[in-house]
Amino acid sequence: MGAGLSRPIPVQRGIRQGCPISGQLYSLAIEYLLFRLRSKLSGLSLPASCGLERPPTLSAYAEDVSIFVSSQRDVQCLQDTLSLYERASSARVNWAKSSALLLGRWREQVVPSLPGGLQWETEGLKVLGVLFQC
């Protein structure tokens, strides 16, 4: 049996927004995406003196996900992973509600281009009520 997507599964029941179990089901559904991103992205470039075993690659709280990229390869990996997840789950990224903050130096001289028409912010970005600025 090869790897890949299964045959389509007809959805015959749903769960209403606000149902107490919906949060747990969402967590189960998104965990594969987060696991794959954690294992494939190189993450945030930090000084060696930080003493971290691995650089941070993402932060997730409910449906708010922050992803740290440091190269065009990371951006491509993000796009590929999102594409696979979208095909498997029918979920979609709302690029109009997404933001990107350009921080620090990049391993490459050229700043990566972003998917979905997303543009780099340089002034600051608010994430879960916390303002991040350069």
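**View 1. What lines the second largest pocket: 6 nonpolar, 4 polar and 3 charged residues.** Here Ala, Val, Leu, Ile, Met, Phe, Trp, Tyr, Cys and Pro count as nonpolar, Asp, Glu, Lys and Arg as charged, and the others, Gly among them, as polar. This is a predicted model, where local features need pLDDT of at least 70 and side-chain atom pairs pLDDT 80 or more, while totals for chains, interfaces and linings use all residues. Numbering starts from 1 along each chain as its sequence is written, and side-chain values use heavy atoms, without hydrogens or water.

**View 2. The second largest pocket has a volume of about 420 Å³.** Among its 13 lining residues (an atom within 4 Å of a point of the pocket), I9, V11, A88, S89 and S90 are the closest to its centre. A pocket is an open set of points on a 1 Å grid, with protein on both sides within 12 Å along at least five of seven lines; its volume is the space filled by probe spheres set on the points.

**View 3. Helix α1 (residues 22–40) packs with helix α2 (residues 72–89) at about 155°, their axes 10 Å apart.** That angle makes α1 roughly antiparallel to α2 (over 145 degrees).

Conventions
On a 1 Å grid over the protein atoms alone, a cavity is a set of points where a 1.4 Å probe fits but cannot get out, and a pocket is an open set with protein on both sides within 12 Å along at least five of seven lines; lining residues have an atom within 4 Å of a point. Axes are lines fitted to C-alpha atoms, for helices over the stretch in contact, and angles run from 0 to 180 degrees between N-to-C directions. Helices (H or I, at least four residues) and strands (E, at least two) are DSSP runs, numbered from the N terminus. Angles under 35 degrees count as roughly parallel, over 145 as roughly antiparallel, 65 to 115 as roughly perpendicular and the rest as oblique.
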